[in-house]
Amino acid sequence: DGSGKPLGDAIGRTVHELHIGVDAIRFSPYPNPPARTIDVYSIGRRLEGIHKSLLSLSGQKQFFYVHDTTQTGDSQVQNHREHRELYANMAKRSRFFMVAPGKVNEPGHTHGQVALAGRYFEGSAAGAVLIGQKADCAGFRQHFDWPDSVIEIQPDGSDVAEVLLKLSDEPERLHEISRRNAVEALRRHDWIYRWREIFDIAGLKPTSAMEAREKQLRELAELVSEEPVSTEVIR
């Protein structure tokens, strides 16, 4: 985050910085939200203190913690489309979804630069409650500026059990967070909005297919916004 201006200064050209997006329709649990049978879903890089606390919690009570068991970067998927579909289906069945800034466990790679990782976009689009750490950068403040966009926990995992158990006792709040995350992703973070920015910069008119996609996203967001208050889908 924040690479655009230094790069523009270096090459003497205007550089427009765009953040990652998500296939918000693929990841959305709506219009027919499934039961959230996964308590916590963690994919990719993780902080070991949080991971160990979640393992301990899953061993002490009925608590379903789904996490990677292969080393990040070493595994290959057999079919990338099937992989994304499985990932989306698991995310939309998760109550809580782990997030952290990009390369959180390898700070030496970023040299102090904070990166807004794709997990924030994917988890919110799935309507999961994001837990972890906010990214201390302009991109996060721009794209995740609504209440409870991320429920923060200590990086060492010392309070993760307390936070999760407390939230679980507030089903109406959980449902509202879930719904708000899904709506914001539909309205702001689908890939089509990033393409719209590119077209605007280039002075191009959107295509009919782009307009149809935006209409589909708006209609689904309106449907979710009007949904009656319920605690069933996040329980």
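The largest nonpolar core of this predicted model has 39 residues, of which Phe27, Tyr41, Phe97, Leu116, Tyr120 and Phe140 touch the most other members. A nonpolar core is here a set of buried Ala, Val, Leu, Ile, Met, Phe, Trp, Tyr and Cys residues joined through side-chain atoms within 4.5 Å. Buried means under 20% relative accessible area, exposed means over 50%, and partly exposed lies in between, for a 1.4 Å probe and protein chains only. At least two residues of this core come from each of α2 (24-27), β1 (38-42), α4 (80-91), β3 (94-99), α6 (118-125), α9 (171-188), α10 (191-202) and α11 (208-225). The most is given by α11, with 5 residues. Another core lies apart from it and has 19 residues, among them Phe63, Phe96, Leu167 and Leu174. In soluble globular proteins, nonpolar side chains tend to be buried together.

Residues are numbered from 1 along each chain as its sequence is written, and side-chain values use heavy atoms, with hydrogens and water left out. Local features need pLDDT of at least 70 and side-chain atom pairs count only at pLDDT 80 or more, whereas totals for chains, interfaces and linings use all residues. Helices (H or I, at least four residues) and strands (E, at least two) are DSSP runs, numbered from the N terminus.

An open sheet is formed by 5 strands in the order β2-β1-β3-β4-β5, with parallel pairing. Two strands pair if DSSP finds at least two bridges between them. The edges are taken by β2 (65-67) and β5 (151-152), each with a single partner strand, so one side of each is left without a neighbour in the sheet. Strands β1 and β2 pair in the parallel sense over 3 bridges, and Tyr41 stands opposite Val66 in β2. Strands β3 and β4 run parallel and are joined by 4 bridges; Val99 has Gly132 in β4 as its bridge partner. Strands β4 and β5 also run parallel, joined by 2 bridges, and the bridge partner of Ile131 in β5 is Ile151. Strand β4 is covered on both faces, with Val129 and Ile131 buried on one side and Leu130 and Gly132 buried on the other.

Contact means heavy atoms within 4.5 Å. Leaving aside neighbours within four places in sequence, Tyr41 is in contact with Val66, Tyr87, Met90, Ala91, Ser94, Phe96, Phe97 and Met98. One of these residues, Ser94, lies in strand β3 and is buried, with a relative accessible area of 0%. Residues up to four places away in sequence not being counted, Ser94 touches Arg36, Ile38, Tyr41 and Ala128.

Helix α3 lies across β1, β2 and β3 and runs at about 140° to β2. Helix α9 touches β3, β4 (129-132) and β5, and its direction makes about 100° with that of β4. Axes are lines fitted to C-alpha atoms, for helices over the stretch in contact, and angles run from 0 to 180 degrees between N-to-C directions.

Helix α3 (residues 48-60) packs with helix α8 (residues 160-168) at an angle of about 55°, the axes being 9 Å apart. The two helices α3 and α8 are therefore oblique to each other; angles under 35 degrees count as roughly parallel, over 145 as roughly antiparallel, 65 to 115 as roughly perpendicular and the rest as oblique. Ser53, Leu54 and Leu57 in α3 meet Val160, Ala161 and Leu164 in α8. The residues of the contact of α3 with α8 divide into 5 nonpolar, 1 polar and no charged (Ala, Val, Leu, Ile, Met, Phe, Trp, Tyr, Cys and Pro count as nonpolar, Asp, Glu, Lys and Arg as charged, and the others, Gly among them, as polar).

Some loop residues were also examined. Most residues other than glycine have a negative phi, and most peptide bonds are trans. The peptide bond from Tyr30 to Pro31 is cis, with omega near 15°, and Pro31 is found in the loop between α2 and β1. Asp148, in the loop between α7 (138-143) and β5, has a positive phi, near 60°. The relative accessibility of Asp148 is 27%, which counts as partly exposed. Not counting residues up to four places away in sequence, Asp148 touches Arg173, Ile177, Arg180 and Asn181. Thr14, in the loop between α1 (4-11) and α2, counts as exposed at 69% relative accessibility.
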